Amino acid sequence: MIECETNITRLPYRGRSLALKRAFANVIGNAVKYATQTQVYIEQRRGEVHVIVSDNGPGIPEAQLEKVFAAFYRVDSARTASKGGTGLGLAITQDIIHTHKGKIQLSNKPEGGLMVSIALMI
């Protein structure tokens with residue numbers, strides 16, 4: 001199940017639309033793949049648009065939160081083999097977000113699950 005919430009009715013953003021679509025599809029797709037509930041929040045604050053994708057999945061071990069941005073890195077090949085993938089998605093996503101002068105950060109939620117925060121300058 002995916003829930004979406006926003007405080008924005010319309011916000012023009014100048015960027016590479018296909019690349020951004022790929023980045024957000026990857027982040028949301030990962031949440032849907034590894035969790036049963038996914039929430040997407042989009043909000044505008046302080047000259048930035050923030051997209052937060054939160055799920056109730058297994059999360060990522062703290063020591064690996066930055067490593068998952070490396071090409072071909074997978075958290076646990078035994079655990080993720082059945083889910084498919086090559087370990088390129090988050091590396092590509094980070095590159096796209098950084099190309100747009102944005103920031104992406106992963107964190108585990110205290111109650112379990114992962115939160116991906118993306119901030120793009122407007």
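This tour visits a pair of helices and then a pocket.

The model is predicted, so local features need pLDDT of at least 70, side-chain atom pairs count only at pLDDT 80 or more, and totals for chains, interfaces and linings use all residues. Residues are numbered from 1 along each chain as its sequence is written, and side-chain values use heavy atoms, with hydrogens and water left out.

Begin by selecting helix 1 (17-34) and helix 3 (residues 89-99), whose axes come within 9 Å and cross at roughly 140 degrees.

Next, show the side chains where the two helices are in contact (heavy atoms within 4.5 Å): helix 1 brings A19, L20, R22, A23, N26, V27 and N30, while helix 3 brings G89, L90, I92, T93, I96 and I97.

Now select T6, I8, L11, Y13, L20, F24, I28, V40, I42, V49, V51 and L120, which line the second largest pocket. A pocket here is an open set of points on a 1 Å grid where a 1.4 Å probe fits, with protein on both sides within 12 Å along at least five of seven lines, and lining residues have an atom within 4 Å of a point. Helix 1 returns here, giving the most to this lining with three residues.

Terms used. Helices (H or I, at least four residues) and strands (E, at least two) are DSSP runs, numbered from the N terminus. Axes are lines fitted to C-alpha atoms, for helices over the stretch in contact, and angles run from 0 to 180 degrees between N-to-C directions.
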